[in-house]
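Here are a few friendly notes to read alongside the model. Please keep the structure open as you go through the points.

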Amino acid sequence: MIFISKYLVPKGYTGITIFPFVFLKSKHLKTDSVLINHEKIHLKQQLEMLLLPFYVFYTIEFVIRLFQYKKWHSAYRNISFEREAYLNENNLEYLNNRSLWAFLKYLRRHDI
């Protein structure tokens, strides 16, 4: 389910996924198939990790990446979940072929 909320989406971001919802900053973003695909990848990641472990892992990895990169945006972009989503968001067939736990291969350093 997609909702529009300029207040729930953090400043500097266009969307956020909190299973089972996708929150977008503005209504016109509902037609952005690449952004929607990116957020659907996050839905799949959250489901396969049973939600709470996803958020714990995401937070821990973000803190590690923040120490590694020293910049908020670089740390965020290099979280394995974000690497997977950003590198595959243009492939609208990605979720049809994605293997289980696919985000794990993005744990290694692949700066984006």
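1. Let's start with Arg65, which counts as buried because its relative accessibility is 7%; buried means under 20% relative accessible area, exposed over 50% and partly exposed in between, using a 1.4 Å probe and protein chains only. Arg65 is found in helix 2. Helices here are DSSP runs of H or I with at least four residues, strands are E runs of at least two, and both are numbered from the N terminus.

2. A word on the source: this is a predicted model, in which local features need pLDDT of at least 70 and side-chain atom pairs count only at pLDDT 80 or more, while totals for chains, interfaces and linings use all residues. Residues are numbered from 1 along each chain as its sequence is written, and side-chain values use heavy atoms, leaving out hydrogens and water.

3. What does Arg65 touch, leaving aside residues up to four places away in sequence? Its contacts (heavy atoms within 4.5 Å) are Lys70, Ala75, Asn78, Ile79, Arg83 and Leu107. With Leu107, a polar atom of the Arg65 side chain lies 2.9 Å from the backbone oxygen.

4. Now look at how helix 2 (residues 52-69) packs on helix 4 (residues 80-88): the angle is about 90° and the axes are 8 Å apart. The axes are lines fitted to C-alpha atoms over the stretch in contact, and angles run from 0 to 180 degrees between N-to-C directions. Helix 2 is therefore roughly perpendicular to helix 4, a label for angles of 65 to 115 degrees. Helix 2 brings Phe54, Phe57, Tyr58, Glu61, Arg65 and Tyr69 to the contact, and helix 4 brings Ser80, Phe81, Glu82 and Arg83.

5. The largest nonpolar core has ten residues, among them Phe54, Tyr58, Ala75, Ile79 and Phe81. Such a core is a set of buried Ala, Val, Leu, Ile, Met, Phe, Trp, Tyr and Cys residues joined through side-chain atoms within 4.5 Å. Helix 2, helix 3 (72-77) and helix 4 each give two or more residues to this core, and the largest share, three residues, comes from helix 2. A second, separate core of six residues includes Val22, Leu24, Ile36 and Leu43.

6. Met49 is also part of the largest core. Not counting residues up to four places away in sequence, Met49 touches Phe54, Phe57, Phe81, Trp101 and Phe103.

7. Finally, visit Lys40 in helix 1 (residues 33-48). Lys40 is partly exposed, with a relative accessible area of 44%.

How values were computed: Angles under 35 degrees count as roughly parallel, over 145 as roughly antiparallel, 65 to 115 as roughly perpendicular and the rest as oblique. A polar contact is a pair of N or O atoms within 3.5 Å; within protein, one must be able to donate a hydrogen and the other to accept it, and residues adjacent in sequence count only if both atoms are side-chain atoms.
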